[in-house]
Amino acid sequence: KPRLYSGMQPSADSLQIGNYIGALMQWRDLQEAYDAYFSVVDLHSLTQPYDPAELREKTRRTAAQYIAAGIEPSKSTLYVQSHVPAHPELAWILSTITGYGEAGRMTQFKDKAQRFGADATSVGLFTYPVLMAADILLYQTDIVPVGDDQKQHVELTRDLAERFNSRFGETFKVPMPVIQRDTARIFDLQNPVAKMSKSAESEAGVLWLLDEPAKNAKKIMRAVTDSEGSVRYDRESKPGVSNLLVIYAALTGRQIPSIEDEYAGRGYGDFKKGLAEVVVNEFGPVRQRALDLLDDPAELDRVLAVNAGKAEAIANRTLADVYDKVGLLRRA
Ligand code: ATP
Ligand code: MG
């Protein structure tokens with residue numbers, strides 16, 4: 001089977017609907033045809049402001065939501081990044097072939113650096129994409145399903161793989177990003193031109209997978225729209241309504257025109273009520289499964305440990321090859 005790698009940061013108590021539609025739904029479908037590695041990238045989340053006491057719990061919660069959304073830990077390798085030390089070890093090697101200017105061109109770094117300010121912008125935030133490249137390359141990955149916000153990072157990963165291969169000899173498979181066109185980007189409900197994010201400054205426009213259903217319904221009813229009053233897809237002039245249509249279509253598997261037809265001549269209130277029902281019905285069972293899994297953290301930790309062992313076996317093989325190729329002396 002070809003290999004697949006993807007991951008998410010445990011940067012919040014709950015995942016948001018963009019993570020669910022843009023990533024988890026694809027992962028769930030792809031895990032059948034691929035030898036899939038899904039990681040909770042806790043080392044990455046040290047690059048943004050966080051609370052150490054909460055991070056551990058967020059890591060468990062993120063893993064529980066993967067499983068609740070349908071990732072099967074007996075089929076896919078679902079593990080915690082920091083449990084496999086080869087990740088930061090390979091990242092160090094890759095950082096030595098990454099250009100300083102090249103890393104500086106990453107738009108996510110520029111965005112986050114601006115948001116965090118000079119004092120909270122660390123070297124770790126700068127080298128974040130290099131660690132992500134290590135994550136992917138360790139597993140000789142064929143495809144990386146991500147939202148389009150991560151496309152630039154996967155391109156850097158490809159460049160680093162090709163550079164390493166040409167400098168030191170064939171070592172890494174060069175991975176392909178897989179980006180679901182229509183659902184690549186879910187936008188914030190209050191600011192429908194900004195990507196919805198776990199770490200958004202305001203929660204008012206974020207739909208959380210683990211929130212009480214009534215809370216999410218209320219946020220949908222309050223979503224920013226426009227004054228035209230017709231349920232019609234038009235990214236340019238109707239970003240709010242278009243975003244809601246994309247969410248509706250993604251969760252129901254329906255085409256946007258069929259949803260437009262259903263709500264033709266009806267107001268935004270009806271449309272939002274319909275969408276709230278769709279979201280609540282979809283999230284309800286996922287939320288319940290996640291909460292059940294979190295009731296038994298020892299069992300969850302055991303599953304993660306078994307999977308870390310599987311991941312480590314593959315990762316260590318690649319790392320040993322890399323150490324040889326770059327000329328590090330083998331420990332006798
Ligand atoms: P953070 O704010 O901590 O960066 P995030 O919500 O952007 O959180 P990540 O952990 O960075 O989430 O990304 C996890 C996965 O979810 C990635 O594949 C990413 O492309 C995807 N993703 C994140 N936000 C969205 C979104 N708004 N729409 C579609 N996909 C998304
Ligand atoms: Mg992100």
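Is aspartate 35 buried or partly exposed? Select aspartate 35 to start the tour. The model is predicted. Aspartate 35 has a relative accessible area of 23%. Buried means under 20%, so this residue counts as partly exposed.

**Stop 1: the partner of aspartate 35**

Arginine 3 and aspartate 35 form a salt bridge, with their closest N and O atoms 2.7 Å apart. Color the two strands next. Arginine 3 sits in strand S1 (residues 3–8), and aspartate 35 sits in strand S2 (residues 35–40). The pair links distant parts of the chain, 32 residues apart. Arginine 3 has 19% relative accessibility, so it counts as buried.

**Stop 2: two helices**

Select arginine 60 and aspartate 301. Their side chains meet in a salt bridge of 2.9 Å, N to O. Arginine 60 belongs to helix H3 (residues 52–68), and aspartate 301 to helix H13 (residues 297–326). The pair therefore ties together parts that are 241 residues apart in sequence. Show the surface here. Arginine 60 is partly exposed at 21% relative accessibility. Aspartate 301 is partly exposed too, at 30%.

**Stop 3: another pair, then a network**

Go to arginine 254 and glutamate 262. A salt bridge joins their side chains at 2.8 Å, N to O. Arginine 254 is partly exposed, with a relative accessible area of 29%. Glutamate 262 is partly exposed at 34%.

Then select Asp226, Glu228, Arg232, Asp234 and Lys238 together. Salt bridges with shared partners join these residues into one network.

**Last stop: the whole structure**

Zoom out. How many salt bridges does a search of the whole structure find? The search finds 21.

Terms used. Residues numbered from 1 in each chain as written. Chains lettered and ligands numbered in written order. Predicted model: local features only at pLDDT ≥ 70, side-chain atom pairs only at ≥ 80, totals over all residues. Heavy atoms only, no water. Salt bridge = Lys/Arg side-chain N within 4 Å of Asp/Glu carboxyl O. Helix = DSSP H or I, 4+ residues; strand = E, 2+ residues; numbered from the N terminus. Buried < 20%, exposed > 50% of the residue type's maximum accessible area, 1.4 Å probe, protein only.
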